[in-house]
Every structure is written in C-alpha cells, then in structure tokens.
Amino acid sequence: MGTKFGLIVGAGVGYVLGTRAGRERYETLKTKAAEFRQSPLVAERMDQVAENLSEALRKGGMAATDKVVGIVKERMFGEPQDQYVDVTVVEVDETNIPRAQ
C-alpha cells in the first residue's frame, strides 16, 4: 500500500511542477533530450540496443510460430509432425515419360 501511495504522490508532485514549468521549460528539456540522443556515443549505444532487441524479438517470434504450427499439426493429424519421411526422387526426361494412348 505504501508503494502505491508514494507513486500517486510522486505523480501528483511531478504534474504540479511540470505545469508550473510551462511551455518554455518543456521546449528546453525537449531540445536537450534531442541533443543527448544525437550525441555519437549515446546514438551508437542506442542503435546497438535496438538491433539486439530486434534480433531477440525476431528469434522469439520464430520460436513461438514454430511451436504454434507444431501444436496445430499435432491436433489436426494426431501425431507430431517433426518426423522425416523417406522419399525416392525419380528424374524425368522425355524418354521415360508415360504417354496416354
């Protein structure tokens, strides 16, 4: 309960101070934040984090998709579909094509 109360009080104080700061202060803070983001060191680190996060989300999404596909196949066909099937490949050319008569 103490955490919720502190959070509410903090949000209220931030709101009051923020509204008193006015539009000028907001624009100043916005400009400083943009400059900070565009500094070479920060920009490089943020780009690395974005790339790593994107890659992690992509891999997680692929794993989740594979899991869902496996479950759907199992429910539709009654058995796991991770098994391989032996197949014989026959090369077809003009000499061994069966012709209808």
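Helices here (H or I, at least four residues) and strands (E, at least two) are DSSP runs, numbered from the N terminus. The model is a predicted one, in which local features need pLDDT of at least 70 and side-chain atom pairs count only at pLDDT 80 or more, while totals for chains, interfaces and linings use all residues. Residues are numbered from 1 along each chain as its sequence is written, and side-chain values use heavy atoms, with hydrogens and water left out.

**First stop: helix α2**

Select residues 40–77, which form helix α2.

How many salt bridges does a search of the whole structure find? The search finds three, a salt bridge being a side-chain nitrogen of Lys or Arg within 4 Å of a carboxyl oxygen of Asp or Glu. Select Asp47 and Arg37, which form a salt bridge with their closest N and O atoms 3.5 Å apart. Asp47 belongs to helix α2 and Arg37 to helix α1 (residues 2–38), so this pair ties together parts that are ten residues apart in sequence.

Next, display the surface around these two residues. Asp47 is partly exposed at 39%, and Arg37 is partly exposed at 33%.

Now select Glu55 and Arg58. Their salt bridge has its closest N and O atoms 2.6 Å apart, and both residues lie in helix α2, three residues apart, about one turn of the helix. Glu55 is partly exposed, with a relative accessible area of 33%, and Arg58 is partly exposed at 43%.

Which residue does the side chain of Lys59 meet in a salt bridge? The partner is Glu55, at 4.0 Å from N to O. Lys59 and Glu55 are four residues apart in helix α2, and therefore about one helical turn separates them. An α-helix has 3.6 residues a turn, so residues three or four places apart point the same way. Lys59 counts as exposed, at 51% relative accessibility. Through salt bridges that share partners, Glu55, Arg58 and Lys59 are joined into one network.

Key
Buried < 20%, exposed > 50% of the residue type's maximum accessible area, 1.4 Å probe, protein only.
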